[in-house]
Amino acid sequence: MIRFENVGMRYGAGPEILRDITFTLAPGSFHFLTGPSGAGKSSLLRLLYLAYRPSRGLIHIFDKDLATTPREKLPILRRKIGVVFQDFRLLDHLSAFDNVALPLRISGVSEKQVQKYVSELLDWVGLTHHINAKPRTLSGGQKQRVAIARAIISRPKLLLADEPTGNVDDEMGVRLMYLFQELNKHGTTVLIATHSQHLIDHFGHPVMHIEDGTLEVPASASGLKRYQSMEESV
Amino acid sequence: MARTDHLPLSTDPSTKLMPWLVGFLVFIAVLATSGSMLLTGLADMWDKGLSGSVTIQIPPLEGDSEVETTAKTENILEAVQKTQGLGEVRLLPNTEIIELLSPWLGENINPENLPLPKLIEAEIDNLEAVDFEELNRRLRAISPGAIVDSHDVWRDHMIGLLNILRLVGLSVVALVTLSGVIMVVFATRGGLVAHNEVIEVLHLIGARDSFIARQFQSHVFWAALKGAVIGAILSFGVIWGLAEMANNLTGDSNLSTLPGLDTTQLVILGFIAPIASFIAMYAARRTVLTTLQKIM
């Protein structure tokens, strides 16, 4: 369960970028996040992938209150979150294989398993012939697929993607979305920030819309009251 | 864990210089430490050598005839022989006294023209049993000009000087260590700034601070070890060269008895390179952990 309650966020002493953000993401749910550029989508994702702490409000990630979670516990939470960054953020000095293998190696998975899982996934995203290629030699679409493979290699509980199909053709875009759906069927909570109305219409998942730092949520993500009443009844 | 370098540290200009700087610092540290060891050995040697004997000087008194001086010398010799704590007593012959004076007065010393003092050398069997004040008083009663020289003053001055030099050597080692640590801290901070984006990605993927610190400490350790080994080898070469030069210069003179470095000391010197590398590694680790602690 991901739960935000009246969350506000500002960078340093600047103006508040996000205001009174309240929503819940049930385990295994799939949502799109839309909104114009500069509305706060990336900032909201940054809070979700634990790059920042909120300036106010409460965030519960996997039922852990972020405000009371000590810094040394954050890596364990982050390992449960897969992120596809809009600018990919691949490590340029590592090959496609090593980039994808990174989350597994950080988690201490044996090298034998790393070889198996990474090879399989790179094959699935059509990069078998590029496993030793450095990111700077890959096209935008290939980089995006490496970034997606890195985000999902460790089967995260929460997958966050910022425009994950922006640099691939329609066919690959739909294929990647089916991959996300497959993960979602296995219990991964998925939140995808996108401008693509085509994807939203095609897959029909609920949409959270952010504009000027405030969030409009669909019924499926506004279950805070429902959650609170559940807690009270317990 | 795979052997992949998750941070491209080998391309950093700051860490590229590290082997050279560590090598230079280890070169100085080994020389300073070996110097301190040599001075310690020298001080011990002088301490032991000069603590083992006492010299009694009996200058010829004005108005005393040769016979009177000889009689006083024999009385003093007898008194010294009876002194508790002293062992073998020996009256130095004139030829030996002339030999001792020749570096200052030349080879052609004529005892008839130059009144020579009488010298008695006594070995100390038990230093604590010898009452030098009482001995001095008794000998002066026999011959007012008699001087008991236990070499204390000269020895104390020389050992004091050697101790100061040894302290200087150890201070150099301490300063070199401090410089090395400061260098590693700045190089590591430079690396953290240069690879800020990669570190952020590693963090967001779930890397602990210790994972990132391991990348730095491993890189710093091997870079430092490479330089340290070269620095140590060069310094051993210099020590060997200086020892050869000293042997050639001193020949069979007394200086050839300078204490050398024993096996234990050589092993200690050999350990300076890995110790320096471990210090560098630890400094890098602490710097990374302290710096990362300040970010989320």
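Let's start with chain B and its two domains. Their centres, taken over C-alpha atoms, are 52 Å apart: domain 1 of chain B on one side, domain 2 of chain B on the other. Keep in mind that this is a predicted model. Domain 1 comes in two pieces of sequence, 9-48 and 155-292. Domain 2 is 60-145.

What does B:Arg90 pair with? One partner is B:Glu96, in a salt bridge whose closest N and O atoms are 3.0 Å apart. Another is B:Glu121, again a salt bridge, at 3.7 Å from N to O. Look at where that second pair sits. B:Arg90 is in strand E2, residues 86-91 of chain B, and B:Glu121 is in strand E3, residues 118-124, so the bridge ties together parts that lie 31 residues apart in sequence. B:Arg90 has a relative accessibility of 32%, so it counts as partly exposed. B:Glu96 is partly exposed too, at 27%. B:Glu121 has 31% and is partly exposed.

Next, helix H6 of chain B, residues 152-194. B:Phe186 sits in this helix. Is B:Phe186 buried or exposed? Exposed: its relative accessibility is 55%, and the cut-off for that class is over 50%. B:Phe186 belongs to a nonpolar surface patch. An α-helix has 3.6 residues a turn, so residues three or four places apart point the same way.

Helix H7 of chain B gives another picture. H7 spans residues 196-205 and is mostly covered, with 7 of its 10 residues buried. The buried set is B:Val198, B:Ile199, B:Val201, B:Leu202, B:His203, B:Leu204 and B:Ile205. After the helix comes B:Gly206, with a positive phi near 120°.

On to the contact between chains. Over all chains the structure holds 13 salt bridges. One of them pairs A:Arg71 with B:Asp209, at 2.5 Å from N to O. Why does this pair join two chains? Because A:Arg71 lies in the loop between strand E5 (64-65) and helix H2 (74-78) of chain A, while B:Asp209 lies in helix H8, residues 209-250 of chain B. Both ends are covered. A:Arg71 is buried, with a relative accessible area of 18%. B:Asp209 is buried as well, at 13%. Within chain A there is also a salt-bridge network: A:Glu16, A:Asp20 and A:Arg56 are linked in it.

Now the inside of chain A. The largest nonpolar core has 40 residues. Which of them touch the most other members? They are A:Val100, A:Val118, A:Ile152, A:Met177, A:Phe180 and A:Ile192. Several elements of chain A give two or more residues to this core, among them strand E3 (30-34), helix H3 (96-106), helix H4 (111-124), helix H5 (140-152) and strand E8 (189-193). Helix H6 of chain A gives the largest share, 7 residues. Apart from this core lies another one, of 34 residues, including A:Ala51, A:Ile81, A:Val83 and A:Leu160.

Zoom in on A:Ile192. Leaving out residues up to four places away in sequence, A:Ile192 touches A:Phe30, A:His31, A:Phe32, A:Leu33, A:Ala161, A:Pro164, A:Met177 and A:Phe180. Two of those names, A:Met177 and A:Phe180, are also in the list of residues that touch the most other core members.

Last item: backbone angles in chain A. A:Phe62 is not a glycine, yet its phi is positive, about 50°. A:Phe62 lies in the loop between strand E4 (56-61) and E5. At 12% relative accessibility, A:Phe62 counts as buried. A:Arg155 is another non-glycine residue with a positive phi, near 50°. Where is A:Arg155 found? In the loop between H5 and E7 of chain A. A:Arg155 is exposed, with a relative accessible area of 66%.

How values were computed. Residues numbered from 1 in each chain as written. Chains lettered and ligands numbered in written order. Predicted model: local features only at pLDDT ≥ 70, side-chain atom pairs only at ≥ 80, totals over all residues. Heavy atoms only, no water. Domains from an automatic or database assignment. Patch = residues over 30% accessible without salt bridge, like charges linked within 9 Å, V, L, I, M, F, W, Y side chains within 5 Å. Areas by Shrake-Rupley, 256 points an atom, 1.4 Å probe, with all protein chains shown as cover. Salt bridge = Lys/Arg side-chain N within 4 Å of Asp/Glu carboxyl O. Helix = DSSP H or I, 4+ residues; strand = E, 2+ residues; numbered from the N terminus. Buried < 20%, exposed > 50% of the residue type's maximum accessible area, 1.4 Å probe, protein only. Core = buried A, V, L, I, M, F, W, Y, C linked by side-chain atoms within 4.5 Å. Contact = heavy atoms within 4.5 Å.
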